[in-house]
Amino acid sequence: MESVWSHNSNMPEFPQLKRDVKTNVLIIGGGLAGILTAYFLHQAGIKYVLAEKGKICEGTTHNTTAKITLQHGLIYNKILNSSGLETARKYFLCNQSALEKYKELCKNIDCDFEIKNNFVYSINNRQKLEQEMNALDKIGCKAELSDNIPLPFKTSGAVMVPDQAQFNPLKFIKHITKDLNIYENTFIKEMKDNTAVSDFGKIYADNVIVTTHFPFINKHGSYFLKLYQHRSYVIALSNAQNVDGMYVDENKKGLSFRNYGDMLLLGGGGHRTGKKGGNWNELRQKAQIYYPDSKEKYYWAAQDCMSLDNIPYIGNYSKNTHNLYTACGFNKWGITSSMAAAMILCDMITGKNNDFADIFNPSRSILKPQLFVNGFEAVKNLLTVSKKRCPHLGCALKWNSAEHSWDCSCHGSRFSADGKVLDNPANGNLKSE
């Protein structure tokens, strides 16, 4: 299993921390969100350290489909109905700002950056599209309702937002990490207030930012209630179709499309981590139907943290942790959300006012329907009889036959067949039986 990005990526290598250091800001987690935060702090002249337990971007970032868009499904009508016009407008403006920042940075970077229109389509629900168009009009977002879209099946149309973008994320990251203060293979085993303890050194920091995909500190923030994880799958096909744009189904179980070079990236088959789903088998069946002459070149899977209300958690880890911050719950839109998070967190650290920070506040209300789904899933799995238990909070693990891993449907931790941790929030391997 290898993504099209990780093939021949030749990512830079960074040293392991082998001494005690002091810094203004410690960033824990070397995915895109952490790296962009480090980049902006570096530009601002703030002293920082980024600690990554393995290699940078070896997790979610190198398994993305790398779409840069402010159009996150049919999200604006949802936010408008649940949180009001001002929140929907701020969400739009924040992600628009993130998109523009990518455009600015990528001007001088060889990272296969391309301007593309983005489409959210529906198979059979035209009304949803019309409602989203109405919401976009209210918040001032330029969009069109498209009827003729070049997909290999019939749809009810699509909401199209022009001038979005796509790129190769690892080429981009390879460039911006050149001068950053990064330590790889530096596993933070323990946090003692603002002191991070690794195997060979301690990091004393005035401020700590956790960008580990799923926050690993359980005693603050109740993220084990506020987040669940979802897996999705991608195959890269040669001799398929140039769709000349980025397409995603408004239905979570639908397909996504985009091109990279002469390949079509076909995504879908998703499911809650620890549950059964279509995975690559579904995608390969679809490819046989829609592109019978195509050839599979790469295949990979991604895992995303899903928030309770479709809006990420960016800011203070909890209301009582003034020098501890996080960015998580990107809901399948990690590229744009990582940039938004980095800009917000950098402003918070440097004492600047950020017009959008309030809507991402991690301490906002958790009384959402998804909270009860997450709670039910946790209780059910805690009561399930199984020899394999997740070291995070003790939930039962289930065997994922497609990916040959032990998965937790409570919070999304995953482990290899021999017990090595693959995805957090679990912070260690399975115990030997």
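Predicted model: local features only at pLDDT ≥ 70, side-chain atom pairs only at ≥ 80, totals over all residues.

Are Tyr102 and Phe172 buried or exposed? I looked them up, and both are buried.

**Entry: helices α2 and α3.** Next I checked how α2 (residues 75-83) and α3 (residues 85-106) meet: their axes come within 7 Å and cross at roughly 145 degrees. I noted the crossing as right-handed. On the α2 side, the contact uses Ile75, Tyr76, Ile79, Leu80 and Ser83. From α3 come Leu85, Thr87, Ala88, Tyr91 and Phe92. Sorted by class, I get 8 nonpolar residues, 2 polar ones and no charged ones.

**Entry: rings.** There are 17 aromatic pairs in the structure. I picked Tyr76 and Tyr91: the ring centres are 5.8 Å apart and the planes sit at 65 degrees, which is over the 60-degree cut-off, so I call the pair edge-to-face. Tyr76 belongs to α2 and Tyr91 to α3, 15 residues apart. Tyr76 is buried, at 1% relative accessible area, and Tyr91 is buried too, at 2%. Back to Tyr102 and Phe172: they form a tilted pair, 5.7 Å centre to centre with 55 degrees between the planes. That pair joins α3 to α5 (residues 169-176) across 70 residues. I also found a cluster in which ring pairs link Tyr76, Tyr91, Phe92 and Phe360.

**Entry: helix α8.** How many of the 17 residues of α8 are buried? I got 14, so the helix is mostly covered. For α8 (residues 334-350), 1.5 Å a residue predicts a span of 24 Å, and the end C-alpha atoms are 24 Å apart, which agrees.

Definitions and conventions. Residues numbered from 1 in each chain as written. Heavy atoms only, no water. Helix = DSSP H or I, 4+ residues; strand = E, 2+ residues; numbered from the N terminus. Expected span 1.5 Å × (residues − 1). Buried < 20%, exposed > 50% of the residue type's maximum accessible area, 1.4 Å probe, protein only. Axes fitted to C-alpha atoms, helices over the stretch in contact; angles between N-to-C directions. Left-handed = near helix turned anticlockwise from the far one by under 90°. Contact = heavy atoms within 4.5 Å. Nonpolar A, V, L, I, M, F, W, Y, C, P; charged D, E, K, R; others polar. Phe/Tyr/Trp six-rings, centres within 6.5 Å; stacked < 30°, edge-to-face > 60°.
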